[in-house]
Amino acid sequence: MGKLIGVCSMATTLFLLVGVVPLALAGGHDYATALSKSILFFEAQRSGYLPGNQRVKWRGNSGLYDGKANGVDLVGGYYDAGDNVKFGLPMAFTVTMMSWSIMEYGNQMGASGELGHAMDAVKWGTDYLIKAHPQPHVLYGEVGDGNTDHYCWQRPEDMTTSRYAYRVDEYNPGSDLAGETAAAMAAASIVFHSSNPAYSRELLTHATQLFDFADKYRGKYDSSITVAQKYYRSVSGYADELLWAAAWMYKATDNEYYLDYLGENGDALGGTGWAMTEFGWDVKYAGVQTLVAKFLMGGKAGSHAPVFGKYQEKAEIFMCSCLGKSSQNVQKTPGGLIYKQRWNNLQFVTSASFLLTVYSDYLTSARRDLHCSSGSVAPSELLAFAKSQVDYILGDNPRATSYMVGYGNNYPQQVHHRGSSIVSVKVDPSFVSCRGGYATWFSRKASDPNLLTGAIVGGPDAYDNFADHRDNYEQTEPATYNNAPLLGILARLHGGHGGYNQLLPVEVHVAKPIAAQPKPNPVKETPFAAPIAFEQKATTSWVANGKTYYRYSAIVTNNSGKTIKNLNLSVSKLYGPLWGLTKSPGGSYGFPTWISSLPAGKSMEFVYIHSASPAQVSLSSYTLA
């Protein structure tokens, strides 16, 4: 097949201390705090009876009769996004990705005190998935339906909409749903293998049955659960989930049957043919290709090495396309963000960044480089790219907006989320009616009464623009599968490489003076009077709508023996967005919000984008402490 589908992008690290520094410090972001908040978001999405240690206090019990109409207990689980439906496919994918995050970076989570919370988040999901699988060949894949739910704007505690449950079985198959749920159960069984072996065995039993069900009774789940088609249609079909589930089953069991399955079915089910740069709740090929590449590099392929090599080739096309080093690279915003679609684009950013992060570490462990059509690439480049995407999400972008609610000083205030936008039932237990919620709360032009801490919203458009309005669901609605891959990346950036028990350094050198060059790589050096030095250069360029845009990197270095404070720069002939500095009312630029001084011998970077030669930057004033 050999198609290239999806989207990744190149990006620039927006603020770095020059020299060899830990990744956790390099971007100026508090990755430990971001990790804590991103896990906390899952507690706001809980359905069912909330536990005594619930930390999101504005939520209450909800969905307490789920499954009753079907004669089964389906209380619990997660609401997927800003509505009150429980969709099985994205929920299972969320559990798989949280589990994968813990498997790779659980030590780092433990060091920051978040491993227990992350495992609780996984178990809240798997407890529900166990309930949803009451018989070997029966799996409930949805509770409630999007049509009736979206007609209402109610807190989950007040729901009056249908809570009918929908299932797949031998006569109405759903291999994609069953396969993803098998993957989730298998991955989670690894998470609980040591701490709760009985629970781990229970999960693995369910996973084994579900894989058999998915493989033996083949069909798309949304052909059986048709109410899901409008919201979570399985566009990719079920072949990718069968391979994905097999990979996780092998990882959980070491059973050669699943390794053989991957080797014998790789061609027929598309694992060796599709080169994808989209990875998410629907399309799993890039994920399974990354896992199989790890098996190969770990010496586990055996007689399947030639086939597994083809999996790895496709995995590396994904990585190379993201880095802009493939024969066919992919779309990005002017600010350097991965861009695929208008609706909830950040889901693809976090999932792609996770694959790049783990693959960087796999390559490092295997002591090899990534091989792209433009040449070899060091593993650190993959990690640096993933970091740039996370930093963009956390606020290093043209709008200086954090797309994680509650992180930073400028984040979305009107999130498209029923629970956060309506006064807490703990504060005002008065019933909020189906349509009354729209009239009173949805249309309210004010900040949400409840802070949806840690939620990753849909994010900006193709031009880095973002409108913080509750009715702008494409950009302001969060989702559990936005956050799940981010757990692992944040733990990695905060804690380093667990396999080597050390921080992998990123070395950033102050650029040497370079004479101006013709486009597309114009470079300009502007010397400052001692003790401050300044240099800028173009780091990349691209064409959009017939116009060439350049991304410029400017590095300010403190060559004095003292700390610089109260820095003011003048930037003229600037025709595009700039970030990494704070603009004052008078028009000059000072330190970014996350620092207040520049120590002796250190440097900082700011970045701007426009379609002209380098801007003119000059020093207005500063003080030495």
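A residue counts as buried when its relative accessible area is under 20%, taken with a 1.4 Å probe and protein chains only. The model is predicted. By that cut-off, 60% of the 625 residues of the protein chain are buried. The chain has 19 helices and 19 strands. Its accessible surface comes to about 22500 Å², and carbon and sulfur atoms hold 51% of that area. Among contacts between residues at least 6 apart in sequence, 75% join residues at least 24 apart.

Residue ranges are as follows.

| Strand | Residues |
|---|---|
| Strand 4 | 139–143 |

Between strand 3 and strand 4, the antiparallel pairing runs over 2 bridges. Within this pair, F87 stands opposite E142 of strand 4.

**S326**

Where does S326 lie? S326 is in the loop that links helix 13, residues 305–323, and helix 14, residues 346–366. Is S326 buried or exposed? S326 counts as buried because its relative accessibility is 16%, and the cut-off for buried is under 20%. Leaving aside residues up to four places away in sequence, S326 touches C320, S321 and S373.

Definitions and conventions:
Residues are numbered from 1 along each chain as its sequence is written. This is a predicted model: local features need pLDDT of at least 70, side-chain atom pairs count only at pLDDT 80 or more; totals for chains, interfaces and linings use all residues. Side-chain values use heavy atoms; hydrogens and water are left out. Two strands pair if DSSP finds at least two bridges between them. Helices (H or I, at least four residues) and strands (E, at least two) are DSSP runs, numbered from the N terminus. Buried means under 20% relative accessible area, exposed over 50%, partly exposed in between (1.4 Å probe, protein chains only). Contact means heavy atoms within 4.5 Å. Accessible areas come from the Shrake-Rupley method with a 1.4 Å probe; for residues, only the protein chains shown count as cover.
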